[in-house]
Structures are given as structure tokens and as C-alpha cells.
Amino acid sequence: MNELYTQYKGLLFKLAYQLTGSVSDSEDVVQDVFLKAMDVNVEQLANPKAYLCKMVTNRCRDLHKTARKKREEYFGEWLPEPFLTSEEDALESVVREDLLSYAMLVLLERLSLAERSVFVLREALGFDYQEIAELLEKSEANCRKLFSRANAKMGQRQEELAPLEGADQEWIQTFLAALKQGNMKQILAMLDQEVVLVSDGGGKAQAAVEPIVTRERVASFLLGPVRQNAMMNGKVAAEIRQINGSYGIVLRSSKGVHTAGLLHVENGVVRNLFFVRNPEKLTYVGE
């Protein structure tokens, strides 16, 4: 069992995280699954990987109804819980193509659990349709239909199913410098015309209650409240860190981390900005 834990714990965590958007819940799911697996002679199973993935998916299904209710009652916009990753983790994931970007994780919130399960198993973890069908106890045709439906809900075409682009370290440094200098012209040039900014305070930290759209409005927000609170008082440090496999921004004061910022960059300009400010979601970026 120890060998299986070492071999599959990373994969199972990624599966659980991409199904729940919660680091803490995912860690609990993996622990629960391995505790239950101790009562089964997993080594004699024909495919222990599929068996463990099935257990994780079923456990996430149990959490789904409770989580949906909490999100319906959530104040403002809900964003997944971010976590720090190392450069080695990010590069390894790119090679294996088994890590969905944060922007894609946000899009997954549009899906039913069945659609999300098929999409994650297929697109992020590389299972074929026959394996997914056996794991989810559905027909292969149904799984294909669920995958197609998931793409449509997320506004993705098959040819677009590549990892969504992140920003590199130099790009973010330039972006932060423009914010600090209050350079409206440069900030506008770095934003897509239809850029969307989403911030999650959960009613526990100041954040925009609804998404902010268009380049001009986002730039005004960045150079207004964001710059005033984060850049100008001299008491907040802006750090460039690896978050969810790509570069992001961590804002830290003397009291600790208060904001994690993630960006989806496409063709050299920002398409989406995500600011997580709910302190309950910053546990795993506070190192």
C-alpha cells in the first residue's frame, strides 16, 4: 500500500483538486481513499490506478451536493483555492500534460459533475474513452457526449484544447512596474479589449462583487483600488511566485498574504485576471 500511495498520491490529488477546486478537500479525499483502500487487496486488482481514481471520483461526488449549496450561498464571485507549485512541478506537468491551468479550472465550474469528471479524466489525465466509461460506469458513447457537452459549455472547440497560456516572469515584472508607476497607457496595451477581472473575497475581504469587464474598466480598477491598496502605501510586498503551475502574483503585508493574483495571457495580452482575497482560500499560498 505504501508503494501505491507513493506512486499515485500526486495523480489522485490532481484529480480531486480539478473536480473540487479545493486543496484542503482534495487532501482529505486522498487520505480517505487510501484509508478505505487498506481494507481491499489493491495489489491483486487488474488496474489499481483506475480503481483508486474511481474511488476519488465517487468521494468527490459525495462532496459535490454540499459544495454546490455552499457556493450558491457564497457572497460574491467564487474562485478555486490556489496553491504554490515549484518550477519543477510546473515543467513536469507540462511534459505530461496532466495539469489544467487555473483559467481552465474556473471554466470547469460551468459543468455538471459528470461532465467535469469526463473532461478532467480525458483532457487533464489522459484516460481514453473506454477507460473513462469503465471508471464512471457509463457507456463510451455517453462519455463522448459528456465531453462534447463540456467543451460547448466552456466555449472551447476541440482545436483549442491546449493548456491556456500563463504569463512569464518578465511579463509580470513589467506589468507590476506599470501598475506601480500608474502608467495607464502601458496597462491598457497589456490588456485584451474584452478582458475580464474576477475577484473573490467571500465576504471576508474587500473585492468586486461582480466581474469587471472591458479593458478600460479593468485598467481603472487596477490603477485605482488595487494600486492604492497594494502598491502605494509601502507596506505591501508584491512577489512573483509559481501558483497552480504558472507564474502569478502574491501580495504580502506584515500580517501575511492577503491576495493571490493569477493571469490568463493570450497572444501577449491578458484575457482574464483572477484575484483571490478570501483569507480562507490563501492557506496554500502563504508560505
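Predicted model: local features only at pLDDT ≥ 70, side-chain atom pairs only at ≥ 80, totals over all residues.
Local features need pLDDT of at least 70 and side-chain atom pairs count only at pLDDT 80 or more, while totals for chains, interfaces and linings use all residues. Residues are numbered from 1 along each chain as its sequence is written, and side-chain values use heavy atoms, with hydrogens and water left out.

Helix α9 covers residues 169-181. Helices (H or I, at least four residues) and strands (E, at least two) are DSSP runs, numbered from the N terminus. The expected span of a helix is 1.5 Å times one less than its number of residues. For the 13 residues of α9 this should give 18 Å, and the end C-alpha atoms are 18 Å apart, which agrees. W171, I172, F175, L176, A178 and L179 of α9 are buried. They lie on the same side of α9, because they cover an arc of only 160° around the axis, the arc being that of the directions from the helix axis to the C-beta atoms. An α-helix has 3.6 residues a turn, so residues three or four places apart point the same way. The face turned away from the buried side of α9 carries the exposed residues E170, K180 and Q181. Here buried means under 20% relative accessible area, exposed over 50%, and partly exposed in between (1.4 Å probe, protein chains only).

After α9 comes G182, whose phi is positive, near 70°.

Another aspartate, D128, is found in the loop between α6 (113-124) and α7 (129-136). The side chain of D128 reaches the backbone nitrogen of E131 at 2.7 Å and the backbone nitrogen of Q130 at 3.2 Å. D128 counts as partly exposed because its relative accessibility is 35%.

Next come the strands. Strand β5 (residues 256-266) is largely enclosed by the rest of the structure, because 10 of its 11 residues are buried. Two strands pair if DSSP finds at least two bridges between them. Strand β4 (residues 246-253) is joined to β5 by five bridges, and the two run antiparallel. β5 also pairs with strand β6 (residues 269-276) in the antiparallel sense, over seven bridges. A260 of β5 is the bridge partner of V250, and A260 has V276 as its bridge partner in β6. β4 and β5 form a hairpin with two residues between them. β5 and β6 form a hairpin with two residues between them, where N267 in the turn has a positive phi of about 55°.

The aromatic side chains come last. Rings of Phe, Tyr and Trp (its six-membered ring) pair if their centres lie within 6.5 Å; planes under 30 degrees apart count as stacked, over 60 as edge-to-face and the rest as tilted. By this rule there are eight aromatic pairs. One of them is Y5 with F34, edge-to-face at 4.9 Å centre to centre and 75° between the planes. This pair links distant parts of the chain, with Y5 in helix α1 (residues 2-20) and F34 in helix α2 (residues 23-37), 29 residues apart. Y5 counts as partly exposed at 27% relative accessibility, whereas F34 is buried at 5%. The rings of F13 and F83 have centres 5.8 Å apart and planes at 90°, so this pair is edge-to-face. F13, Y17 and F83 form one aromatic cluster.

Methods: Polar contact = N/O pair within 3.5 Å; in protein donor to acceptor, adjacent residues only side chain to side chain.
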